[in-house]
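I opened this entry to keep track of what I looked up in the structure, one topic at a time.

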Amino acid sequence: MKKVTLFTVLFTLAWSISLAAPAQPNTVLLWPGGAPGALGEEDADCPSLDIYPAPGRLNVRTAVVVCPGGGYHHLALDHEGKQVAEWLNSLGITALVLKYRLGPAYRHPSQMMDVQRALQYTRANAESLSCRPDKIGVLGFSAGGHLASVSGTHILKANPASKDPLQQVSSRPDFMILVYPVISLATEITHLGSKINLLGEKPDAKLVESMSSELQVTAETPPTFLILGDNDKAVPAENSLVFYAALRKAGIPAELHIFQRGPHGFGLAPLDSTLSLWPHLCKNWLIENKFIY
C-alpha cells in the first residue's frame, strides 16, 4: 500500500484550494457614457457589474445577476455579493454582482433601470460570458430581493430595431432566487426604510402599488425560489408568503422554504448548521428545473 506523507496531504490540499479559488472580477459599467439621470460621475452615480466568470472546467453555461441588500441605502457587497458569487462559481455559474444606485440620492426608477440593464447586458453578451441566453437568473437579498422581484414583474421586451444592442434583448430573468426579500411596499408588512429610500416619504399610491411585487405577478413572471427565516424582525415572513401565493395563483412554478430560526441578513450562513442548508436546497431546485445540469 502506498504510503501517504504529510507533504502529500498538504500539497493535495493546497492544490485543491488553488483550483477552487475564484477568478478576480472584471468590472463593467452598465452605461459607459453615463447612466440616465446620473447626478455626477462618482462610483455611486455609475451602476456597474462585477463579473465572476465560472471556472472553465465547471461551467454549466448559466449566469446569475446578484443584487446585494442594504435597504436601498447601502450595499452588502461582501456576504451578499462576493461570497455569493464565489458560491455560484462553485456550481459552475457565472455571477455578476450588481452595484445599483441608492437612495436617498436616487429614487425609483433608477434602481429598476439598473437591474433591467444588468439582465440585458448579460443576455446580450451571453456568448462572451460563456452562458446561454435562456439560462440567465437573478438572485437578491432583502431590498436586493425586492429589486430582483421587480425585474421579474416589470420586464422590458426586446426591441430588435434599437440601435442599442442591449435593448435588442429582453430583460426578463429566466428564474429568480429571493432570500429574505422585501416584496410588498403597500402594506404594514413592508420594510419602511427600503420603501422610503426607494420611493420617498410620501409616494403616490399608484406608484406604491406598482412597486409591490405581489400585486404585479403575471404569466411572464419567472419560476422562483424563496428562502427566509420565520423570526426575521426586519422583513416579516409575510412578504414571501404573499408573493408565493401570487405565484401559485398565476401558475408560476415556485418553491418556498421557511426556517424556524433565521434572523435577517444571514447570507449563505456558512457557520450555521441549519441555515447553511439553503444553498444546497437551492442547488437542487436549479437542477430540478434544468437551470443547471
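I began with Ser142, which counts as buried because its relative accessibility is 7%, under the 20% cut-off. The model is a predicted one, and I read each value below with that in mind. Ser142 sits in the loop that runs between strand 5 (136-141) and helix 4. I then looked up its backbone and found phi near 55 degrees, a positive value in a residue other than glycine.

**Ala269, another positive phi**

I noted a positive phi of about 50 degrees at Ala269 too, although Ala269 is not a glycine. Ala269 is found in the loop between strand 8 (254-259) and helix 8 (278-288), and it counts as buried because its relative accessibility is 7%.

**Leu156**

I went on to Leu156, which lies in the loop between helix 4 and strand 6. Is Leu156 buried or partly exposed? I found it partly exposed, since its relative accessible area is 36%. Leaving out residues up to four places away in sequence, Leu156 touches Gln116, Gln120, Ser170 and Ser171. I also checked Leu156 against Ser142: the two are 14 residues apart in sequence, and their C-alpha atoms are 23 Å apart in space.

**Cis peptide bonds**

I looked up the peptide bonds and recorded that the one from Gly103 to Pro104 is cis, with omega near 5 degrees, and that the one from His108 to Pro109 is cis as well, with omega near 15 degrees. Pro104 is placed in the loop between strand 4 (93-99) and helix 3, and Pro109 lies in the loop between strand 4 and helix 3.

**Helix 3 against helix 4**

Two packed helices are described by the angle between their axes and the distance between the axes. For helix 3 (residues 110-124) and helix 4 (residues 143-151) I noted an angle of about 65 degrees, with the axes 9 Å apart, and a crossing that is right-handed. Which residues make the contact? Helix 3 brings Gln111, Met112, Val115 and Leu119, while helix 4 brings Leu147, Val150 and Ser151. Sorted by class, the contact of helix 3 with helix 4 has five nonpolar residues, two polar ones and no charged ones.

In soluble globular proteins, nonpolar side chains tend to be buried together. Here I found that the largest nonpolar core has 46 residues, and that those with the most contacts inside it are Leu49, Leu96, Leu98, Tyr100, Tyr121, Val138 and Phe243. Helix 3 gives the most to this core, with five residues. I followed up Tyr121, which touches Val28, Leu30, Leu49, Ile51, Leu96, Leu129 and Leu166 when residues up to four places away in sequence are not counted. I also recorded a second, separate core of 33 residues, which includes Val60, Trp87, Tyr180 and Phe259.

I traced an open sheet of eight strands in the order 1-2-4-3-5-6-7-8, with mixed pairing. Strand 1 (26-29) and strand 8 stand at the edges with a single partner strand each, so one side of each is left without a neighbour in the sheet. On average, and with direction ignored, neighbouring strands of this sheet are turned by 20 degrees against each other.

Helix 2 (residues 78-90) lies across strand 2, strand 3 (62-67), strand 4 and strand 5, and runs at about 165 degrees to strand 4. Helix 8 packs on the sheet too, where it touches strand 4, strand 5, strand 6, strand 7 and strand 8, and its direction makes about 165 degrees with that of strand 6.

**Strand 7**

Methods. Residues are numbered from 1 along each chain as its sequence is written. This is a predicted model: local features need pLDDT of at least 70, side-chain atom pairs count only at pLDDT 80 or more; totals for chains, interfaces and linings use all residues. Side-chain values use heavy atoms; hydrogens and water are left out. Axes are lines fitted to C-alpha atoms, for helices over the stretch in contact, and angles run from 0 to 180 degrees between N-to-C directions. Helices (H or I, at least four residues) and strands (E, at least two) are DSSP runs, numbered from the N terminus. A crossing is left-handed if the near helix is turned anticlockwise from the far one by less than a right angle, and right-handed if clockwise. Contact means heavy atoms within 4.5 Å. Ala, Val, Leu, Ile, Met, Phe, Trp, Tyr, Cys and Pro count as nonpolar, Asp, Glu, Lys and Arg as charged, and the others, Gly among them, as polar. A nonpolar core is a set of buried Ala, Val, Leu, Ile, Met, Phe, Trp, Tyr and Cys residues joined through side-chain atoms within 4.5 Å. Buried means under 20% relative accessible area, exposed over 50%, partly exposed in between (1.4 Å probe, protein chains only). Two strands pair if DSSP finds at least two bridges between them.
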